[in-house]
Amino acid sequence: MAGLQSGAPTPQSITVHSQSKVLEVTFSDGAEFRIPFELMRVYSPSAEVQGHGPGQEVLQTGKREVELAGLEPVGNYAVQPAFSDGHDSGIFSWDYLYFLGSQQDKLWLDYEARLQAAGVGRDSPMPEKAGHGCSSH
């Protein structure tokens, strides 16, 4: 099973709570997490969010109201959420969901610190994507 450590906890149930905007995941070791959609979206493992190397992460803002439009299984090791803002390229392995759930307090603090360092708020709109300027004259 790709992306899984031997003996790593696997989800026993995954429930999407649209009203409260959380993904509830119960793991085989008894751990149960309620992971906010916003946290999942901000920490998406996709290249669009993580970049292609250290220091290339793209700070995500304005995701407080993001919803889960869909959740597709990827083999027996991950899920691929489709978010209401159109982002759907992140593949969340069971290990990564466990990490998000178990570390969410620290992750929120890290996110708040990164927002503050960038001088933006959690609800600031995302900047326009670069690359549609006229620099190719």
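**Reading the strands and a helix of a predicted model**

Tutor: Let us begin with a turn: S1 and S2 form a hairpin with 4 residues between them, and Lys21 in that turn has a positive phi of about 55°. This is a predicted model, in which local features need pLDDT of at least 70 and side-chain atom pairs count only at pLDDT 80 or more, while totals for chains, interfaces and linings use all residues. Residues are numbered from 1 along each chain as its sequence is written, and side-chain values use heavy atoms, with hydrogens and water left out.

Student: What are the helices and strands, and how many of them does the protein chain have?

Tutor: Helices (H or I, at least four residues) and strands (E, at least two) are DSSP runs, numbered from the N terminus. The protein chain has 4 helices and 6 strands, and from the N terminus on the elements run β-β-β-α-α-β-β-β-α-α.

Student: In which sense do S1 and S2 pair?

Tutor: Two strands pair if DSSP finds at least two bridges between them. Strand S1 (residues 11–17) and S2 pair in the antiparallel sense over 6 bridges, with His17 opposite Val22 in S2. S2 also pairs with strand S3 (residues 32–36), in the antiparallel sense over 5 bridges, and there Val25 has Phe33 in S3 as its bridge partner. The hairpin of S2 and S3 likewise has 4 residues between the strands, and in it Gly30 takes a positive phi near 95°.

Student: Is S2 enclosed or open, and why?

Tutor: A residue is buried under 20% relative accessible area, exposed over 50%, and partly exposed in between (1.4 Å probe, protein chains only). In S2 (residues 22–27), 6 of the 6 residues are buried, so the strand is largely enclosed by the rest of the structure. Val22, Glu24 and Thr26 point one way from S2, whereas Leu23, Val25 and Phe27 point the other way.

Student: Which residues of helix H3 are buried?

Tutor: In H3 (residues 94–102) they are Trp94, Tyr96, Leu97, Leu100 and Gly101. They cover an arc of only 160° around the axis, which puts them on the same side of H3; the arc is that of the directions from the helix axis to the C-beta atoms.
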